[in-house]
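Here is a short briefing on one protein chain. Keep the sequence and the 3D view at hand while reading.

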Amino acid sequence: MYESNYMALDVKTDLEHKTSVLVIDDDRDVRDAFVGLLQIHGINVVGVGSNGKEAYEMYRELRPDFVLIDAAMPFYDGLYGMEKIREYDANARVILVTGTTIKDYGLSYSHPTKIIAKPIDIDEILNIISHQR
C-alpha cells in the first residue's frame, strides 16, 4: 500500500531571505541526506515529498526558489512533477536528479533548470543554486 510522505516543514522566518528548496525523492534516506546537507549550508528546506504529484501540489502551496526532484519514482515520477510545475510556472527552477543517462528521458517539453546525475555531489547542487538565485 502506498503511504504518502508529503510534509511541509515548519520554517523560521529570518530578516534576510534564505534560498528555499523543496526536496522530492521516494527514498527516505536520500531525502534525509539532502535535507541535512542543504540545511548545513544555510539552505531553507521548506518541504519534502515522495512523488511528482506531491511536488506539484507543494510547489503551488509553498512557492520555493528551487525544486530538487528525483526523476525515477513510483506512482507519479519526477518528470510528471516537473511537467506540472512548468505548466503552472514556466519560470520555476527545477533541478532534476537522475541515476540514468539523460537521453533516456524526453526532456524537451519541460526543460529542467539543470540535470544532475547520481551519485550526488552537494557542491554541484550548491553551485547551481548560488548561480541561479
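Of the 133 residues in the protein chain, 44% are buried. The model is predicted. Mean pLDDT for the chain is 84, and 79% of its residues reach 70 or more.

**Fold and confidence**
- The chain has four helices and six strands.
- Their order along the sequence is β-β-α-β-α-β-α-β-β-α.
- Take the contacts between residues at least 6 apart in sequence: 68% of them join residues at least 24 apart.

**Helix H1 against helix H4**
- Helix H1 spans residues 28-40, and helix H4 spans residues 122-132.
- Their axes come within 11 Å and cross at roughly 60°.
- That angle makes H1 oblique to H4.
- The crossing of the two helices is right-handed.
- H1 contributes Phe34, Leu37 and Leu38 to the contact.
- H4 contributes Ile122, Ile125, Leu126 and Ile129.
- By class, the contact of H1 with H4 has seven nonpolar residues, no polar ones and no charged ones.

**Leucine 38**
- Leucine 38 is found in helix H1.
- Its relative accessible area is 1%, so leucine 38 counts as buried.
- Beyond its neighbours within four places in sequence, leucine 38 is in contact with Val21, Val23, Ile43, Val45 and Leu68, among others.
- The contacts of leucine 38 also include Ile122, Ile125, Leu126 and Ile129.
- Leucine 38 and isoleucine 122 are 84 residues apart along the chain, yet their C-alpha atoms are separated by 8.0 Å.

**Backbone points to check in the loops**
- A cis peptide bond joins lysine 118 and proline 119, with omega about 0°.
- Proline 119 is found in the loop between strand E6 (114-117) and H4.
- Arginine 63 is not a glycine, but has a positive phi of about 50°.
- The loop holding arginine 63 runs between helix H2 (52-62) and strand E4 (66-70).
- Arginine 63 has 43% relative accessibility and therefore counts as partly exposed.
- Phenylalanine 75 also has a positive phi, near 70°, in a residue other than glycine.
- Phenylalanine 75 lies in the loop between E4 and helix H3 (78-88).
- Phenylalanine 75 counts as exposed because its relative accessibility is 58%, and the cut-off for exposed is over 50%.

Terms used: Residues are numbered from 1 along each chain as its sequence is written. This is a predicted model: local features need pLDDT of at least 70, side-chain atom pairs count only at pLDDT 80 or more; totals for chains, interfaces and linings use all residues. Side-chain values use heavy atoms; hydrogens and water are left out. Axes are lines fitted to C-alpha atoms, for helices over the stretch in contact, and angles run from 0 to 180 degrees between N-to-C directions. Angles under 35 degrees count as roughly parallel, over 145 as roughly antiparallel, 65 to 115 as roughly perpendicular and the rest as oblique. A crossing is left-handed if the near helix is turned anticlockwise from the far one by less than a right angle, and right-handed if clockwise. Contact means heavy atoms within 4.5 Å. Ala, Val, Leu, Ile, Met, Phe, Trp, Tyr, Cys and Pro count as nonpolar, Asp, Glu, Lys and Arg as charged, and the others, Gly among them, as polar. pLDDT is the predictor's confidence in each residue, from 0 to 100. Buried means under 20% relative accessible area, exposed over 50%, partly exposed in between (1.4 Å probe, protein chains only).
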